[in-house]
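Hi,

Here is the structure I promised to pass on.

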Amino acid sequence: MALTFAERQGLTVSGRPMSLPLKDVRALSRQMVGHFVETVAPCGTLPGDAIHGDITIITRVCLELAASMLDGSNISEKTGQLEDAAAQWAREGVPIGTIHHAIHEGFKIGFDLVVSTALAEQRASGSAETEPISTVSTADYQSILDGAKLVVEMLDTMTTAVSAAYVRELRAVVSEHHTAVHTLTSALLGGHPTSTMARECGIDISDRYRVLALAIPRHPDESNPMLDAKVVARRKLRRVQAELATRCDDTVLSLLSVDGGTLLIPADDITKGSLKELIGHLSRAARVHITATEVTAATDAVPTAADQAHELLDMVARLGSVPGLYHFDELALEYQLTRPGPAREQLGSLLDPLDEYPELLETLQTHIAYNLNRRRTARLLHVHTNTVDYRLKRIGQLTGFDPAEASGLWRLRSALVARTYRR
């Protein structure tokens with residue numbers, strides 16, 4: 001949408017339009033572009049056809065825009081051209097800081113030219129060549145002041161037009177890319193052909209992926225009645241997505257919502273140690289403790305791996321495990337215990353004697369989840385460590401399996417896993 005301005009009286013110095021030094025836009029635009037190439041670093045790396053084509057043309061438009069404002073003319077058409085150019089630059093990836101810097105550099109040149117010309121004309125009209133600016137006529141001095149004020153308005157007009165068009169186009173580009181990546185990720189997870197979509201996204205399909213299932217818990221502010229829970233959740237998700245974009249390149253594919261989702265990371269691009277660090281960074285960005293499970297698989301096995309990763313995540317949640325990263329090979333045996341069948345039902349029944357003692361079942365689950373740390377278990381349950389010892393001893397008496405012995409602990413842990421999946 002082009003900006004529009006009301007007509008105003010043009011500014012003059014010594015009876016001549018102040019815009020006069022800017023009228024030779026072709027020569028002045030070439031001079032300015034040469035200055036940009038020398039002083040604005042990114043401009044010097046642009047192809048020659050871009051410098052002598054689009055950059056020179058839009059510099060000419062800016063000069064015409066400045067002259068129009070000095071003359072008090074309507075400028076909506078020229079701001080429209082500036083917006084179109086800014087949109088094109090956004091799509092081509094030209095940094096917006098470079099654009100604004102070039103505009104300000106151009107204004108320095110243009111303003112110096114206008115002021116020096118105005119003073120030269122004053123001197124030529126009869127003033128001594130060495131007289132200071134204080135000897136300029138009151139009317140012309142006021143025109144120069146008005147011109148300086150108008151420079152600020154010009155900058156505001158141009159930077160607003162550039163910024164609005166640039167951001168609007170950038171959002172469209174990002175939306176297009178996000179949609180394409182979303183479609184590609186969905187295709188990989190669905191086991192559909194992806195070569196065409198990958199080319200459209202500009203992303204190379206990896207031979208193997210680390211498939212991650214993520215659980216993002218609610219932020220405490222989502223339960224604050226004074227805040228909009230949906231807004232808080234969306235901000236949490238945006239922080240996670242921004243951190244993911246910062247830490248990873250475009251080869252990482254994701255389908256995320258406010259409560260979790262799936263990541264596909266090329267297996268050759270990240271180690272287990274780096275993956276653990278990534279989950280830590282995402283947790284700090286979300287400001288909650290994220291739990292993730294990982295399964296590595298070939299590309300054609302991604303759908304199965306995703307199902308396994310989410311089943312593993314469900315198991316970790318059922319067991320009340322500490323938030324963090326869990327790999328399939330670390331919990332393969334526990335995962336197998338969750339498979340349906342009579343063995344799972346029988347194994348889960350080993351804890352039936354604890355049904356009448358929920359505090360014993362909670363103690364066992366917490367003790368195992370926190371790596372058999374008696375003190376931490378006591379702290380989390382708000383009891384004394386002696387109470388934890390008593391409860392563990394009582395569990396052994398009721399079930400016939402002593403948690404203090406390796407064989408007993410293994411049976412109890414296995415029974416706990418199986419029990420969470422009993423109908």
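Below is what turned up on salt bridges, aromatic rings and surface charge.

A bit of housekeeping: this is a predicted model, with local features needing pLDDT of at least 70 and side-chain atom pairs counting only at pLDDT 80 or more, while totals for chains, interfaces and linings use all residues. Residues are numbered from 1 along each chain as its sequence is written, and side-chain values use heavy atoms, leaving out hydrogens and water.

Salt bridges (a side-chain nitrogen of Lys or Arg within 4 Å of a carboxyl oxygen of Asp or Glu) come to 11. One of them joins Lys236 and Glu222 at 2.9 Å, N to O. Lys236 sits in helix 7 (residues 229-247), and Glu222 in the loop between strand 3 (208-215) and helix 7; helices (H or I, at least four residues) and strands (E, at least two) are DSSP runs, numbered from the N terminus. Both residues are buried, where buried means under 20% relative accessible area, exposed over 50%, and partly exposed in between (1.4 Å probe, protein chains only). Arg218 joins Glu222 and Lys236 in a salt-bridge network.

Arg374 also pairs with Asp389, closest N and O atoms 2.7 Å apart. Arg374 is in helix 13 (residues 374-381) and Asp389 in helix 14 (residues 385-399), so the bridge ties together parts 15 residues apart in sequence. Arg374 is partly exposed at 34%, and Asp389 is partly exposed at 31%.

The whole structure has 1 aromatic pair (ring centres of Phe, Tyr or Trp, its six-membered ring, within 6.5 Å; planes under 30 degrees apart are stacked, over 60 edge-to-face, the rest tilted). Tyr335 is buried at 8% relative accessible area.

Cheers
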